Amino acid sequence: MADMRKPLEGVRVLDLTQAYSGPFCTMNLADLGAEVIKIERPGVGDQTRTWGPFKNDYSAYFAYVNRNKEGVTLNMKDDEGKEIFADMIKHADVVVENYKVGTLAKLGFDYETMKEINPGIIYANISGYGLEGPLASRPAYDIVAQGMSGMMSVTGYPDAPPTKIGPSIGDNYSGAYLCIGILAALYRKQQTGEGARIDVSMVDTLFSVMENFVVKYTVAGEHPMRAGNIDPGIAPFDSFHAKDAEFCMGCGTDKMFHKLCDIMERPDLKEDPRFATNDLRCINYLPDLKAEIEKFTTTKTVKELEEMIADEGIPFGPINDIPTIADSELIASRNMLWEAYQPGMDATIKFPGCPIKIHGLKDAPEKASPTLGEDNKKVYESLLGYDEAKLAELEEKGII
């Protein structure tokens, strides 16, 4: 069966983003079939072009998050460059940017101006603190958003300092939320022809995914703190020691806990007044219940425990390092390591694939990330009708 049409084919996105949150959003749009035109400063480009790791002086970081995009250069501080961008807006559905708040407006392209050029334009922005508010003008990176949102205060162990979550989840989540907002706006545009202004803040985003930590404060008056790998509301739900390594396991219901007791040949724990309900198990988890569980788990290897516990329907998994999971049968079976030849790097590289699996669609990159200005000729000719003489003139002036 031939590959189906991708869901966003026919949608054109002007991508003014850099670093990670914005490019992560537009990468997902591109993976789903949108024509994403990444616009970079001539001779400079996205700041992530200077972020490692490198192969043959080309950033693998940039290569991963800018796949499936077309790349052009444009000096938007130049008046002629602004005219070119205005012409591009006429032919676009979406403009995405994550500049410091106010930067695009200073260049003459606030939402109202873009609406005058193209009434159906969708303007989508990611910032640290939102387009309005007391901190709107401040720049932010992921670690700052993790700190200010409260997330670091509940990450780590009680006797250790607040800890950043490893991946840049403030960037990832805000990029994903902006993508959702764009998809919703595109759907409404189909119905009404109207565009939209979409405003996603990194701090808002991380505050919104704090699960029950916020409502523990607002509803129960509690002050949530760091608890390591424990879930304060479910027990047992933690990492544990086996004979040879550590693993993770969670029992979200009494039934699961009772199954675990049977596996451990400890039926007495089911009736133990300390562990009779989930609330009691949470209260008495440390040191009592965890100690009882590890009396058993430390006598078995992780593999032995996996066969005993996972097969009974209890969520269980080893704690993998990156080489182990990247080279695993699971990742291979899900096609989660994509491969592409990267121009500029002169190498074929692998990077995380798209987790949205739509059956019938090609599950592979269409193209690698663009070298700086790689698609100038293609885009400016097809979109704006520029000939080679015009392109040469613009390049000589430093506009592209």
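Okay, a definition before we start: a residue is buried under 20% relative accessible area, exposed over 50%, and partly exposed in between, using a 1.4 Å probe and protein chains only. What we have here is a predicted model, where local features need pLDDT of at least 70, side-chain atom pairs count only at pLDDT 80 or more, and totals for chains, interfaces and linings use all residues. Residues are numbered from 1 along each chain as its sequence is written, and side-chain values use heavy atoms, with hydrogens and water left out.

Let's take salt bridges. I mean a side-chain nitrogen of Lys or Arg within 4 Å of a carboxyl oxygen of Asp or Glu. How many does the structure hold? There are 31 salt bridges.

Have a look at K377 and E388, whose closest N and O atoms are 3.9 Å apart. K377 sits in helix α17 (residues 376-384) and E388 in helix α18 (residues 388-397), so this pair links distant parts of the chain, 11 residues apart. Helices here are DSSP runs of H or I with at least four residues, strands are runs of E with at least two, and both are numbered from the N terminus. K377 is partly exposed at 42% relative accessibility, while E388 is exposed at 54%.

Now for another setting: D46 and K38 meet in a salt bridge at 3.0 Å, N to O. Are they buried or exposed? D46 is buried at 3%, and K38 is buried at 0%.

Then there's R274 with D272, at 2.8 Å from N to O. R274 is partly exposed at 30%, but D272 is buried at 14%. And if you like networks, salt bridges link E80, K390, E393 and K397.

On to the rings. Phe, Tyr and Trp rings (the six-membered one for Trp) pair if their centres lie within 6.5 Å; planes under 30 degrees apart are stacked, over 60 edge-to-face, and the rest tilted. The whole structure has 11 aromatic pairs. One of them is W51 with Y141, edge-to-face, 6.5 Å centre to centre and 65 degrees between the planes. W51 is in the loop between β2 and β3 (54-55), and Y141 is in the loop between β7 and α6 (142-148), so the pair ties together parts 90 residues apart in sequence. Ring pairs also join W51 and Y141 with Y20, F24 and Y61 in a cluster.

Last topic: pockets. On a 1 Å grid over the protein atoms alone, where a 1.4 Å probe fits, a pocket is an open set of points with protein on both sides within 12 Å along at least five of seven lines, and lining residues have an atom within 4 Å of a point. Volume is the space filled by probe spheres set on the points, which are joined across faces, edges and corners.

The largest pocket comes to about 820 Å³. Its lining has 37 residues, with Q18, Q47, N98, Y99 and K100 nearest the centre. The elements giving two or more residues to that lining are β2 (35-40) and β7 (122-127).

What about the second largest pocket? Its volume is about 530 Å³, and 21 residues line it, with Y20, F24, Y64, N172 and P352 nearest the centre. At least two lining residues each come from α1 (21-31), α2 (60-65) and β13 (347-352). Notice Y20 and F24 there: both also belong to the ring cluster.
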